[in-house]
Structure formats: structure tokens, C-alpha cells
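Trainee: I'm new to this one. Can you walk me through it, starting with the charged pairs?

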Amino acid sequence: LRGFRARHGDDARALLFLFEGNDFEATRVRNTSWLARSGRRYYRLFADFNTYRVTMTLWKRFTRTPAAEGSGVDIKALAGKPVAFYKPYVAVTERARLDEVAGFESVLKSMRPFIARVYFIPTKYRVYHRQVASGTGLPNAQWEYLDGLCRKHALPCTNLTGPLTRAADVALKNGELLWWRDDTHWNRAGIAVAARVVAADLKVSGVRR
């Protein structure tokens, strides 16, 4: 946020995206090894280009065994193809309650003057839950926590679960997905769904961003 303000000025307002999978944790300690630092530098240089996706996929093919049950992922069939679901994110999605996260509210409150809207990004497991675990329901602990704080501090907040779920249902009929099959991130189709929601919000609000 400091970088955003330095580049665009204090009058500009940022859009804040919070991911259900790991943005509601008290702390996340980064690996400080040389390899980890090099990886982060590479990511910052190339993450916005297809180069990153292609080279990382090739690297995974040569350095990792195929994803299998019990290796940190669950493999489920979607559109007739095996799809990986990251177990820690599945566990987060299924937790019934989320206690107060240390420092979360105070930081969100401090950002209030510079934020135009907050967006909640659901996990892949939440969006495809009906297809991979039919007959069971899911709690909404992370969204309820965030929604409560946004209401308390008068922050506009949008839950992307609905638009993504509806688009995922339509895409599945054509054998397509909104996420990479071997990853926890959106592919271009998933990005497009979120972009349309954001564009509509910006058009209505007239936010300078």
C-alpha cells in the first residue's frame, strides 16, 4: 500500500484482495535461504508474463514427482481430468470458525482511508466443492470474519465466491476450469471472471485507481 501511494499519490484509492487460503493467518515467516531469495527475485521479474508459467511448469516436471494422494494434495476428477486441491487450503475452507487474527483488524482499519474496496478470493476447493464433495456443506468462517470487519469500519467488500462458482459451473459443461489443474491460482478464465466484477464496480463507483 505504501508503494501504491508513492506511485499514484495520496488521492488514489487501492483495491485490496484477500485470499481465503492464507491471508487470514497471524504470521507467515519467509524462508531466508539464498535459493528462496533468488526465487522471489525471479517471481518479481517474470510473474506477470507467460514466461513464468511455462518455465515453472517445466521445472516442476523435471524436479517433482507427479502429484499424488498423500503428498499435500487431494486429487479429484473435474471435467474428466485429475485436478489437485492443496490440503492446507482445504482445511482452512472447512474450518467452522475463525478466531480474531492478531493485528488484522488494526491494520485493516489503518488502511481504511486509502482503500476503495476489498475483495474476498475463495479457494479452489470452495468453488468446486459441490462437484468434488457433493451432499456436504461448507462453513464460511473467513468471509464472515472479513465481512464483519468491513461492515464495522465502513469498507465496501465484495465476495467473489458467487461469480466464480457460477462461471465455474458454466465452464465445466464445456470441459474447462477457472484454475490451473496443478495449482492454487486462477488461469486466464478465472482472472477474467474477477476482472469483470472489478471493472463493473469501478464503473459504478468512478474510483480513480
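Trainee: Which residue forms a salt bridge with Glu20?

Mentor: A salt bridge here is a side-chain nitrogen of Lys or Arg within 4 Å of a carboxyl oxygen of Asp or Glu. For Glu20, the closest N and O atoms of the pair are 2.6 Å apart. Its partner is Arg126.

Trainee: How many residues apart in sequence are the parts that this pair ties together?

Mentor: Helices (H or I, at least four residues) and strands (E, at least two) are DSSP runs, numbered from the N terminus. Glu20 sits in the loop between β1 (14-19) and α2 (34-46), while Arg126 is in helix α6 (residues 124-127), so the parts tied together are apart in sequence by 106 residues.

Trainee: Before we go on, what kind of model is this?

Mentor: Residues are numbered from 1 along each chain as its sequence is written, and side-chain values use heavy atoms, with hydrogens and water left out. Local features need pLDDT of at least 70, side-chain atom pairs count only at pLDDT 80 or more, and totals for chains, interfaces and linings use all residues, since the model is predicted.

Trainee: Where is confidence highest in the protein chain?

Mentor: pLDDT is the predictor's confidence in each residue, from 0 to 100. The chain's mean is 86, with 79% of its residues at 70 or more. Helix α3 (residues 50-63) is lowest, at a mean of 60, and the highest, at 98, is α6.

Trainee: At what angle do the axes of α9 and α10 cross?

Mentor: Axes are lines fitted to C-alpha atoms, for helices over the stretch in contact, and angles run from 0 to 180 degrees between N-to-C directions. Contact means heavy atoms within 4.5 Å, and Pro163, Leu164 and Ala167 in α9 meet Gly190, Val193 and Val197 in α10. The axes of α9 and helix α10 (residues 188-205) come within 10 Å and cross at roughly 135°.
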